[in-house]
Amino acid sequence: MGFFESSFFWFIEGLFACLAIIALRTWTQDKGIRMPFWKWPVVIVWVLFLAISIAYIGTSIGEGEMDAAFFGAIFAAVIASISGVVVWRLLRMR
Amino acid sequence: METEEDRPRRELRVTRRTLIKAAGAASAVLGLSGLGLCGYQAGKDPDSYTGCEGLQGAAQSFDRKRFAVDEPHYEKVGPTRRADGRTEVIFSRVDVARSAAQMGKRIEDLDEPFRGYYEQHPEDFELDKQNSELRRKVAEDSPENRNRYILAEAWADAMGAVSPRPIGNEPPEISDFPGQMSRSPFKMKSPAATAKLIKKVSYEFGTVLIGITKLNHDWVYKYPSSRRGFAMNEPIKVPKHWEYAIVVGTPMSWDPMYANPNYGTSNDAYSKSRIVAFRLVSFIKRLGYAARPHTPGNSYDLMVPPIMVDAGLGEQGRHSIVITPELGCNFRPAVVTTNLPMSTDKPIAFGVQDFCKNCKICAEQCPSGAISKADKEVIRGYKRYRLHSSKCFNFWNSNHGSTGCRVCIAACPYTRKSNWVHKTALQVTANDPTGISDKLLAGMQKRFYPGPKPSDFYAATLGGKNASYREPPWWLKTEDFIEL
Ligand code: SF4
Ligand code: SF4
């Protein structure tokens, strides 16, 4: 079993996710952005979309499906940018 | 008021917050990159070669019970008719047309049943006559083009090199039964336990898929396609002991399959399924019951796809091949008919009929135009998509490499690697009753996974470019190993 299929890999991923969440909380506090309960799922869904898109691009490259990787990247970039602006505006809401 | 003593502590606090933010940002970047690399590994991993990732039943992992239905998807419309194995199987009739072409014979000069068949299907006569000429044209291609497939051809031959002995020409009432010396049938404890046992030993024998059904006599040829104990011109009276049908299936090697039509072969899966079926026959006979193999390579007395459907292994697609949830259509099946009492499996419906309605990728990619883009038709009393076998077989004679084509298998969106992307897509189509995801995913398939132009698959001397659906694997690239 390779590193990327191991439980250790997912443990590290979990660690990174925790650190990123703590950092996000610290950053929003410093910026004076209020983070009520409903804002967290919005951010998490956006990050999940980004994560799945990146994994999809990686998988397509691994499969040798360059068209799928290319179109997947364009599609993801467009959706992530548009939704990113929306998420950012929601975050800035009081 | 802030004192001198407080200042360094405040600076330290600010530094800690900055550190947390920097570490979090770095973690986010590393975590996302890790997912990208993990995805890359999932795409590249040979463990995702569908059907080869686990034996002993591990690869037959789809939860069929959730999708079990009482009736199979094919619709019975009016009176049914059994297929004539002598004329409706392309391999049985094609030699007659070939020799007619050589001797300048017309349809009316042929003997029955071929005259009758070709009178009803004159287009098939014209197409079937062409394939020797097509083969000759392929052979005229430049040595550079022809030699590119030396390794693919050697590999295909090697894969077909091991084969059990044919079953001979005794009638089924003799050949299917254990020899004189064997005991009378053992009394089995229960049909359910027997089915479980048969499935387990079949996995041990090397199958990847297995399903069991009662044999519907409509699927047995009316006249045989090869002798195997039958008189060619007498209708087959379905033997009483062909009560159950056990269907097994094994996948074709992934990378060559994806480089069809000229690098893949059916021989590997044919050979494996044949061996499993013969082992199963031997096992069942040792229990004292009758068993008969119907195996790839024109040794069938029946049509396999509808039996696979009845046995709950999958649904028949537009290209006429059965689509299974695990292997898509990348497999070759074999059947064992027997009187060993077993509990049977139910057919399944996991969304293929709806998906095929608007997908049509196989029909668009098929070099010969054999796959219909139209709706289902009534064929021998059942509704299904038409496949023009004469057109298909002519393309088999129009390309290099081992015999065959299999582009429709490679292009079908259900034939994809066993990784999270394609497994998720399968679950989405199987569970979405609205049909929206079918349209979305079929559209994505066409845009994201395009194949070469259908005419490019032909040999250069027939106007093509010797294209393959995808790049061949490194180990079949002749030019990298042999001085040409
Ligand atoms: S095997 Fe090739 S020619 Fe035959 S139906 Fe499939 S794609 Fe068409
Ligand atoms: S390629 Fe599309 S239309 Fe053809 S069998 Fe597969 S899913 Fe059905």
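About 380 Å² of area is buried between domain 1 of chain A and domain 2 of chain A, and carbon and sulfur atoms give 85% of that area. Buried area here is the accessible area (1.4 Å probe) that two parts lose on being put together, summed over both. The model is predicted: local features need pLDDT of at least 70, side-chain atom pairs count only at pLDDT 80 or more, and totals for chains, interfaces and linings use all residues. Residues are numbered from 1 along each chain as its sequence is written.

Domain 1 of chain A covers 1–32 and domain 2 covers 36–94, with bounds from an automatic or database domain assignment. Their contact takes 5 residues from domain 1 of chain A and 4 residues from domain 2 of chain A. Contact means heavy atoms within 4.5 Å. The C-alpha centres of the two domains lie 17 Å apart.

Now to chain B. Strands are DSSP runs (E, at least two residues), numbered from the N terminus. In a regular strand, side chains alternate between the two faces of the sheet. In β3(B), one face holds B:Tyr244, B:Ile246, B:Val248 and B:Thr250. The other holds B:Ala245, B:Val247 and B:Gly249.

How values were computed:
Chains lettered and ligands numbered in written order. Heavy atoms only, no water. Buried < 20%, exposed > 50% of the residue type's maximum accessible area, 1.4 Å probe, protein only. Helix = DSSP H or I, 4+ residues; strand = E, 2+ residues; numbered from the N terminus.
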